[in-house]
Amino acid sequence: MSSSQTKRPLQSLKSRALNGDIRVPGDKSISHRSLMFGGLAIGETKITGLLEGEDVLATAEAMRKLGATVTRDEDGTWHVTGVGVGALREPDSVIDMGNAGTGIRLMAGIVATHPITTFFTGDASLCKRPMGRVADPLAEFGAQFITRERGRPPMAVIGTDEAKPVTYTLPMASAQVKSAVLLAGLNTAGTTTVIEPKPSRDHTERMLRHFGVDVDVSINDDGGRTVSLTGPVEMKAADIVVPTDPSSAAFPLVAALINPESKVTIRDVCLNPLRTGLITTLIEMGGDITIANEREEAGETIGDLVVSGKNRLTGIVVPAERAPSMIDEYPVLAVAAAYAQGETRMCGLEELRVKESDRLAAVAAGLAANKVIHRIEGDDLIVTGGEVPGGGMVETHLDHRIAMSFLVLGLGANDPVAVDDANPIATSFPSFEALMRELGANLAPAGS
């Protein structure tokens, strides 16, 4: 979202039971990668189900500027004709990644080992986010980075044509950093290796295999993983059906659980085991969730979620090791915890401090504004659930997930819950308001 765009306050009010059968947008992580990998492959890749949110559209435009041909049919099918690994064109203008943290970090990995200079920028939120966590390992390949103070965009990446393979140990589990290093390795002679302390999302590894790249994954004695590939590689075009995004499904999922008598089916959800932490957690809390029609598509597990609001949720302890599998879902989990009986402790949330906003602080502020009892102890968030008073205005900080999470909070609260700006929702879930209203959610303009 442009920083100059007029804010659009939106509120949610106590709603009747939610009912319906819906399909949320395509998975954002897989959508980004399908465009990038299609642009690096030889031949034409056909993509169906692509998320057409602002973040992903920024990646499509970035690949065009790097030389790939990216087109869209009227029926929503996308076609990407790639240039091949090593053959990217130097962009003739700055690449604007909007709000896409995944997009800018993975793109940095791709261009770091191509002999081109690429300038990246983004919206006000993205330009506050640190890039040092990817710039540091990518510099080991030989790339150079120029950023603002504390590693913030705008950012120039001066790629190298003499890349040296790297073995990099992640300081914390991060799919973005892991992916950036692996993508730099695609155009590097020799074996590039990433060692991660805890398993993080593995969409990059799965999709690289789908495009013909040999990726080796082994489990370490400490439960972490070692991932490696040997370059330079040749990627071959491969059609992709993008499953729906579990991070987007999280909002109608939680909304159904906290509204008694609700019954909602969410179709074609990506059930990659490294993305299902929220589902596991909500089931442990007593949520009535079943999986139907489970199947495989392009290396990913897909299924339908059938959700009922008949059970009252109960507070639990969510272990820190589960964080990588649900890092984007903690804001909406905090909403579920606000309605759960007893105390829910979410452990090890340090990664939330460097998302689109400081999500840990933003969640705490939103809970406080709506009189939900909570506290932060170190990197743990503890929420005491029960009746939700509501009545507050939540500052979103240009963060789409904060906006959607607190709109879900208001669906069962005593008084309306408002967010100061609903515009950022378009970055990942453009149809959010329409789909939620279709289910029976009561959403209305705020402040009028």
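1. Proline 154 sits in the loop between β8 (144–146) and β9 (155–158), where helices are DSSP runs of H or I with at least four residues and strands are runs of E with at least two, numbered from the N terminus. The bond joining proline 153 to proline 154 is a cis peptide, with omega about 0°. Please keep in mind that this is a predicted model, in which local features need pLDDT of at least 70 and side-chain atom pairs count only at pLDDT 80 or more, while totals for chains, interfaces and linings use all residues. Residues are numbered from 1 along each chain as its sequence is written, and side-chain values use heavy atoms, with hydrogens and water left out.

2. Cysteine 127 itself belongs to the loop between β7 (117–121) and α4 (132–139). Is cysteine 127 buried or exposed? Its relative accessibility is 10%, so cysteine 127 counts as buried; the cut-offs are under 20% relative accessible area for buried, over 50% for exposed and partly exposed in between, with a 1.4 Å probe and protein chains only. From cysteine 127 to proline 137 there are 10 residues in sequence and 20 Å in space, C-alpha to C-alpha.

3. Proline 232 lies in the loop between β13 (225–231) and β14 (240–241). Asparagine 187 touches Pro232, along with Val85, Gly86, Thr113 and His114, when residues up to four places away in sequence are not counted.

4. Staying with asparagine 187, you will find this residue in the loop between α5 (175–185) and β11 (190–196). A polar atom of its side chain lies 2.7 Å from the backbone oxygen of threonine 113. Glutamate 387 is 200 residues from asparagine 187 along the chain, and their C-alpha atoms are separated by 55 Å.

5. Aspartate 268, in strand β15 (residues 263–270), has a positive phi near 55° without being a glycine. Asparagine 293, in strand β16 (residues 288–297), also is not a glycine and has a positive phi of about 55°. The relative accessible area of asparagine 293 is 47%, so this residue is partly exposed.

6. Which residue carries the feature "active site" in UniProt? The record, an unreviewed entry, places that feature at Asp328; UniProt positions are given in the numbering used here, feature names are shortened, and annotations may be inferred rather than shown by experiment. Aspartate 328 is in the loop between β18 (317–318) and α9 (330–339). With a relative accessible area of 11%, aspartate 328 is buried. Its side chain makes a polar contact of 3.0 Å with the side chain of arginine 201. Such a contact is a pair of N or O atoms within 3.5 Å; within protein, one must be able to donate a hydrogen and the other to accept it, and residues adjacent in sequence count only if both atoms are side-chain atoms.

7. Asparagine 259 lies in the loop between α7 (246–258) and β15. Its relative accessibility is 3%, so asparagine 259 counts as buried. A polar atom of its side chain lies 2.8 Å from the backbone oxygen of alanine 255. Beyond residues up to four places away in sequence, asparagine 259 touches Ser15, Arg16, Leu18, Gly309 and Leu411.

8. The largest nonpolar core has 72 residues, and Leu253, Ile266, Leu282, Leu305, Tyr330, Leu333 and Met346 have the most contacts inside it. A second, separate core of 66 residues includes Val80, Ala100, Ala112 and Leu182. Here a core is a set of buried Ala, Val, Leu, Ile, Met, Phe, Trp, Tyr and Cys residues joined through side-chain atoms within 4.5 Å. Methionine 346 touches, among others, Val318, Tyr330, Leu333, Asp379 and Asp380.

9. Finally, the whole chain. There are 12 helices and 24 strands, and buried residues make up 62% of the 448 residues. Of the contacts with a separation of 6 or more, 77% are between residues 24 or more positions apart. The C-alpha atoms fill a box of roughly 60 × 50 × 45 Å along the principal axes.

Technical notes:
Contact means heavy atoms within 4.5 Å.
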